[in-house]
Amino acid sequence: MASKRDPRAPFIPDRDLDKRPVLECKGLGIDFGGLTAVDDFNISIAPTEICGLIGPNGAGKTTIFNLLTKVYQPTRGSMYLEGKDTKNMNTIQANKAGLARTFQNIRLFKEMTVAENVLVGLHNEMDYRLGGAVLRLPGYWRAERIARERALELLSIFDMQDMAEHKAGSLPYGSQRRLEIVRALATNPAVLLLDEPAAGMNPAETEDLMLNIKKIQETFQIAVFLIEHDMHLVMGICEAVGVLNYGKMIAKGTPAEIQRDPKVIEAYLGTGGGEARA
């Protein structure tokens with residue numbers, strides 16, 4: 001439950017009031033040639049906040065995620081992760097620093113097993129040297145055993161442990177979506193970025209996803225930042241919602257505030273009347 005606050009100020013859940021933001025963007029922007037894709041993007045996300053980013057198609061939402069994860073380097077502005085400037089980081093360094101993501105289009109290793117996909121995500125935690133792996137020394141097998149136990153533990157969050165030896169590509173669509181989230185969690189993130197996690201899911205799967213996002217936030221005590229077009233999910237699970245339009249953030253507030261905001265209604269409906277619908 002949010003405290004009474006100035007709606008222009010960053011949203012901070014009560015439980016995070018005494019903590020610094022886990023993710024901050026200040027004046028972030030990127031140009032592609034003469035085209036400005038994102039401009040003056042500012043956001044502050046608390047350490048255990050569930051935050052949504054919405055906006056019309058083409059607003060720049062996925063470009064924001066690509067900037068955060070260093071797929072793109074910003075033309076201007078700055079980004080701080082747990083207080084550390086990410087300016088000189090590449091994608092791998094950003095992941096090791098605490099940013100993990102899923103994608104609009106599922107990117108699993110489909111010929112590998114479910115467990116093997118999660119083990120790929122656990123590479124940050126694997127503790128053995130190359131020589132030990134080549135020679136199959138005891139330290140290698142110990143690290144492998146610990147990693148596999150951890151992979152099964154993570155899969156159990158989504159009740160997927162019994163699928164561990166199935167090929168990832170053989171799973172139903174919804175299960176592949178869940179597996180991609182588990183693999184991202186395996187990198188031990190401080191911020192989990194979910195790019196349209198409910199895409200292609202039926203209503204029952206979406207309800208399960210909402211419960212699991214909340215379970216992830218509570219179990220791992222991390223922030224979740226998601227892009228989603230399903231307004232039922234966004235308004236039902238997010239504590240704060242940011243709205244992007246033409247590459248600019250036009251509003252951020254609680255779901256109730258966003259649904260009443262005239263700028264948001266204008267962006268979605270092209271009219272100053274009515275109310276945005278969840």
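**Entry 1**

I began with Asp195, which forms a salt bridge with Arg101, and I noted that the closest N and O atoms are 3.5 Å apart. The pair links distant parts of the chain, since Asp195 sits in strand S7 (residues 191–195) and Arg101 in strand S6 (residues 99–101), 94 residues apart. I then looked up the exposure of the two residues and found that both Asp195 and Arg101 are buried. I keep in mind throughout that this is a predicted model.

**Entry 1: the protein as a whole**

Of its 278 residues, 50% are buried. The protein exposes about 13600 Å², and carbon and sulfur atoms supply 52% of that area. I also looked at contacts between residues at least 6 apart in sequence, and 68% of these join residues at least 24 apart.

How many salt bridges does the structure hold? I find twelve. One that I followed up joins the side chains of Glu49 and Lys252, with an N to O distance of 3.5 Å. Glu49 lies in the loop between S2 and strand S3 (50–54), while Lys252 lies in strand S10 (residues 248–253), so this pair ties together parts of the chain that are 203 residues apart in sequence. I wrote down Glu49 as buried because its relative accessibility is 0%.

Next I turned to Lys167, which forms a salt bridge with Glu111, and here the closest N and O atoms are 3.0 Å apart. Lys167 lies in the loop between H5 and H6, and Glu111 in the loop between S6 and helix H3 (114–121), so the two residues tie together parts that are 56 residues apart in sequence.

**Entry 2: a charge without a partner**

I looked up Arg178, which is found in helix H6, to see which side chain of opposite charge is nearest to it. Leaving aside the neighbours within four places in sequence, I find Arg178 in contact with Phe158 and Met160.

**Entry 3: a negative patch**

On the surface I found a patch of negative charge in which Asp159, Asp162, Glu207 and Asp208 gather. I checked one of these residues, Asp162, and placed it in the loop between helix H5 (138–157) and helix H6 (173–185). Asp162 counts as exposed because its relative accessibility is 68%.

**Entry 4: Asn42 and the residues around it**

I then looked up Asn42, which is found in strand S2 (residues 35–45). Asn42 counts as partly exposed because its relative accessible area is 37%. Which residues are in contact with Asn42, once the neighbours within four places in sequence are left aside? I find Cys25, Lys26, Gly27 and Met249. I also compared positions for Asn42 and Glu24, which are 18 residues apart in sequence and 7.4 Å apart in space, C-alpha to C-alpha.

**Entry 5: two positive phi values**

Last I looked at backbone angles, and I noted Glu196, whose phi is near 50 degrees, a positive value in a residue other than glycine. Glu196 is found in the loop between S7 and helix H7 (203–220), and I list Glu196 as buried because its relative accessibility is 14%.

Tyr246 likewise has a phi near 50 degrees, again a positive value in a residue other than glycine. I placed Tyr246 in the loop between strand S9 (240–245) and S10. Is Tyr246 buried or exposed? Tyr246 is exposed, because its relative accessible area is 74%.

Notes
Residues numbered from 1 in each chain as written. Predicted model: local features only at pLDDT ≥ 70, side-chain atom pairs only at ≥ 80, totals over all residues. Heavy atoms only, no water. Patch = residues over 30% accessible without salt bridge, like charges linked within 9 Å, V, L, I, M, F, W, Y side chains within 5 Å. Areas by Shrake-Rupley, 256 points an atom, 1.4 Å probe, with all protein chains shown as cover. Salt bridge = Lys/Arg side-chain N within 4 Å of Asp/Glu carboxyl O. Lys, Arg positive; Asp, Glu negative; His and termini not counted. Charge placed at Lys NZ, Arg CZ, Asp CG, Glu CD. Helix = DSSP H or I, 4+ residues; strand = E, 2+ residues; numbered from the N terminus. Buried < 20%, exposed > 50% of the residue type's maximum accessible area, 1.4 Å probe, protein only. Contact = heavy atoms within 4.5 Å.
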